[in-house]
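Open the model in your viewer and keep the selection panel at hand.

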Amino acid sequence: MLLFFMFWRTVEGQVRINEIRSNDDSSDDIEFIELIGIAGTDLSGYEIYHVNGNGDSEIFTHTIGAFVIPDDGVTDSEGNALGFYVLGAGDFSSGADESISSSLQGGPDGIILYDESGNVIDAVAWGGVGDISNDITTSGSPEADNYLHEIGSDSDNDNSLQAPNNVVGDNGSGWTYEVATVGSINASQTNGSIVIISSLKTEPANHVTSFNATGSVNSVGLTWTDASGTPAPDAYLIKVSDTDFGSISNPSDTNTEPNDTDLSDGSGALNVNSGEESASFSGLNETTTYYFKIFSYTNTGSDIDYKTDSAVPQGEATTLDTPDIVLNEFLADPDGDANGDGSTDSDDDEFLEFVNTGTADLDISDWTIEDSNSTTHTFENPTVLKPNQAVLVFGGGTPTGKFGGAIVQTTGSLSLNNSGDDITLKNNSGIEIIWYTYGGTEGSSNQSFTRSPDLTGNFTDHSTADTHDGSPFSPGTRIGGFPFHPWLEITGTEGWRMLSTPTSNNSYDDLLGSIWTQGSSTGANYSGGAPNVVTYDGTTFNAVDDLTGPMDEGEGVLVFVYSDDNHNESEANSGFPKILEMAGTENSGTVTPSIHSGSGGEATLVGNPYLSPVDWDLLDKNNLTNTVYVYDHSYGTPIGSDVEASEVAGSYRVWNGSSGSLNDGRIAPFQGFWVITDAAGSASLTIEESDKVIGGTFYKEKIDEAISIHLKAETDKMFNEAFFSFNKAGQPGMDSFDGLELTPLDHDDYLSLSTETEGILLDINNLPIEFTEALEIPLHINAFQAVDEGWTTISEEVSLTWPELKNIPIEWSLILKDNQTGKTVNLKETDSYKFLSAGSSAKIADKKPFHPLIKNPLQREKAPPENRFTLTIYPDSKNSTNNDIPDRFALRQNYPNPFNPTTNIDYEIAVQSDVELSIFNVMGQKVATLVNESKAPGSYAVTWNAFDMASGVYYYQLNVSGVVYTRQMTLIK
């Protein structure tokens with residue numbers, strides 16, 4: 001419980017101003033101020049404040065040192081022993097402390113006496129009030145504990161201004177001007193009759209009015225109007241119970257009830273001084289009704305007199321259920337295009353990210369966001385957050401992107417000050433739900449401030465957050481860019497996807513309800529047609545007959561995603577992207593999907609069971625190969641190409657722990673994947689939460705010293721990749737780290753790049769790290785065109801590159817040979833090779849499109865009878881054949897010739913040289929430059945596309961460091 005209040009008040013004291021000598025008629029050496037008080041009163045730290053009433057402010061402030069009122073043989077009306085304290089100009093022995101620092105004056109002047117806490121104890125003015133009344137607070141009523149005594153002037157002689165017997169309660173009229181009695185009772189005072197403490201008040205005349213209790217989240221606010229009448233209360237006692245009003249007992253007079261702010265026992269109490277008119281209890285239980293009564297009282301300590309008659313004001317309030325919503329990320333100092341509208345703006349790119357962490361929908365319609373000054377955003381009506389869904393508010397602009405499925409809104413300006421600000425979220429009743437204050441460090445760091453880990457951690461710079469992905473912010477998503485709630489965007493074109501569920505207690509329909517389903521008797525949009533939701537039983541694919549049935553944790557499912565989501569083909573297709581959204585709770589704990597096993601080579605379709613990516617290398621694999629297979633519908637189309645128009649099939653992404661195309665082996669949420677047994681016997685796969693990459697701890701150590709080769713073949717509309725890895729388990733033949741080359745699931749054009757081992761095509765070829773004889777690896781590159789019920793090879797201009805030669809030992813030589821032309825290329829000395837792939841109109845036998853009703857789960861590519869290329873890896877460069885490097889410069893005849901419209905030109909470079917290869921027409925005019933750069937020794941090929949040239953004779957010319965070689969060719973259209 002916390003109570004907030006502040007006010008200034010006067011207090012009852014046991015010491016008073018009793019006598020003043022302010023205007024000596026000679027040298028001011030007997031001016032003094034005398035205090036009277038009950039013996040034993042400690043004056044240490046009290047202050048005497050002398051004010052010039054002519055408007056010259058204070059004359060001096062004197063702080064009393066260590067001093068306790070002595071017993072000077074005088075008593076008050078109650079029999080209390082009294083004593084004196086004198087602050088004088090000199091020659092005083094009875095109770096003198098030290099000298100006045102500056103002379104008192106005849107007036108208008110005044111003295112204010114403060115206790116050690118700064119409360120006003122007494123105040124006296126003489127010779128007219130002047131300006132000193134502005135420096136004190138006084139009640140002005142006859143019952144006042146202290147007030148401003150307005151007394152007469154002090155003449156120029158040795159008399160003094162003296163208080164009467166009734167030191168308290170006299171407004172100044174009882175003071176007299178007499179011969180000074182410093183250090184003793186005044187001339188008008190009588191021993192035993194002096195009064196310095198006012199009489200106790202009776203109980204308050206009235207109760208407070210308009211007593212009201214208002215429930216908030218974990219707190220209740222109380223307000224009232226102060227009690228009126230005489231006597232007025234000095235304070236109030238608020239008593240509270242979580243049972244009922246009857247369980248709140250009346251307080252007893254003369255018994256002080258202390259504050260009890262711990263309501264864990266169901267009751268409590270709070271004392272509040274009069275004048276405040278409000279209080280707040282916090283730290284309360286949610287959805288609990290609390291009952292309050294407020295009692296007025298006078299006096300203090302054992303003299304308290306409570307008002308308990310008549311109807312004691314009471315009120316009740318119920319605390320709210322705390323909404324399950326957190327502030328997860330905010331950006332006050334944009335240094336990048338956070339809202340995705342193409343530009344960086346200091347206002348528009350500011351954002352706030354809130355996330356519903358509950359298990360039910362949360363309606364935040366008309367809720368507001370405030371900074372320290374004003375309301376900066378009101379949420380649209382309706383705004384309803386699904387479980388684990390984020391809502392994202394940008395300062396402005398036109399936010400462009402999916403933002404992890406977050407609800408995105410903009411406002412005029414969030415006004416997030418770089419020097420620091422408040423972020424307050426209030427519900428539609430104005431009740432504070434979230435309040436966060438940040439400083440200048442967080443507000444001016446050129447990046448967002450985010451919880452790490454997401455949702456539960458402390459705020460930190462985005463760049464230092466756990467599992468940081470390198471970005472300065474992640475609006476609408478987790479730190480690593482993945483959605484908060486089960487949400488998946490499917491892009492591209494229609495085709496097969498491998499999926500899984502990240503949440504528990506969900507059906508197939510929960511996962512696929514937003515897209516078209518068919519071929520299932522229960523739960524499908526259409527029970528007829530070829531099934532598009534299938535699972536694999538180890539031998540064949542089977543349609544999921546009941547889509548309302550439960551999905552198992554870690555289960556993989558194969559789904560054909562159609563472009564249209566209706567049965568009427570005449571209606572417009574809904575197109576892509578498709579959004580899959582799910583309710584439910586993320587799977588947790590250890591997941592062990594069932595694995596098909598037998599004699600070895602069996603495949604099982606499993607899936608990532610979590611909302612975060614998992615690392616394949618961290619999964620516990622028993623009797624499984626070290627390679628994972630993930631089908632990517634868009635993998636194979638160059639970045640920037642129009643996937644919708646390309647009609648290119650996807651490809652499998654693979655990873656074996658050190659090499660491959662699957663992003664270091666990270667398997668995304670919702671992703672299904674293939675695993676294959678390594679040998680005969682039972683097999684198992686264990687997936688644990690500690691295997692998460694984002695949202696969990698990532699323990700994987702990168703194998704930076706691993707040796708690998710990455711090859712890439714690319715045409716103008718498609719590409720494919722192949723990989724070599726090297727480790728101690730590697731074999732020239734098949735081993736557990738090899739990755740199979742698999743036929744695409746989609747029946748479209750595709751490019752295949754693979755190596756060959758034992759007649760099997762591989763996507764990853766794992767080789768020994770130590771070898772003494774040269775390794776000769778067949779390499780196949782073919783372009784396939786989809787035809788009815790199969791594929792045929794086509795002729796395409798292909799660029800073969802090797803984007804990465806990682807940690808290749810310096811003594812190794814890597815020589816690529818084109819077996820069709822005889823040309824060789826040293827991979828360490830050049831970076832590409834262009835050629836035309838072979839084409840054939842004949843349909844390839846046994847290469848049939850995937851269909852869920854045939855027994856062909858993983859279509860292993862068969863090696864063609866001949867390989868176009870051979871990659872030879874020499875363990876020692878000295879042992880590589882000298883014929884691999886040309887011994888002279890040469891320009892070969894183009895092929896084909898004549899041509900229409902493309903032809904290949906081969907040339908050889910003997911030493912490092914500046915090379916220019918150009919095309920001229922019969923008029924001697926240069927019409928194209930194909931090469932103009934320095935080239936390392938080696939054989940090269942380049943293709944010229946003369947689609948915009950006229951038929952006729954052309955000349956191609958090789959200029960090598962000033963030596964010119966020329967040949968003729970013919971274009972026939």
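**Stop 1: a loop residue**

Select E773: this residue is exposed, with a relative accessible area of 61% (exposed means over 50%, buried under 20%, partly exposed in between, with a 1.4 Å probe and protein chains only). This is a predicted model, in which local features need pLDDT of at least 70 and side-chain atom pairs count only at pLDDT 80 or more, while totals for chains, interfaces and linings use all residues. Residues are numbered from 1 along each chain as its sequence is written, and side-chain values use heavy atoms, without hydrogens and water.

E773 sits in the loop that runs between β51 (760–768) and β52 (775–787); strands here are DSSP runs of E, at least two residues, numbered from the N terminus.

**Stop 2: the largest cavity**

The structure has two cavities of 30 Å³ or more. A cavity is a set of points, on a 1 Å grid over the protein atoms alone, where a 1.4 Å probe fits but cannot get out; lining residues have an atom within 4 Å of a point. Select S651, Y652, N720, E741, L742, P744, Y750 and D763, which line the largest cavity. Its volume, the space filled by probe spheres set on the points, is about 60 Å³.

**Stop 3: the second largest cavity**

Select L711, L779, L800, W802, L816, L827 and L871 to show the lining of the second largest cavity. The space inside the second largest cavity is about 30 Å³.

Conventions: 1 Å grid on protein atoms, 1.4 Å probe; cavity = no way out; pocket = protein on both sides within 12 Å on 5 of 7 lines; lining within 4 Å. Helix = DSSP H or I, 4+ residues; strand = E, 2+ residues; numbered from the N terminus.
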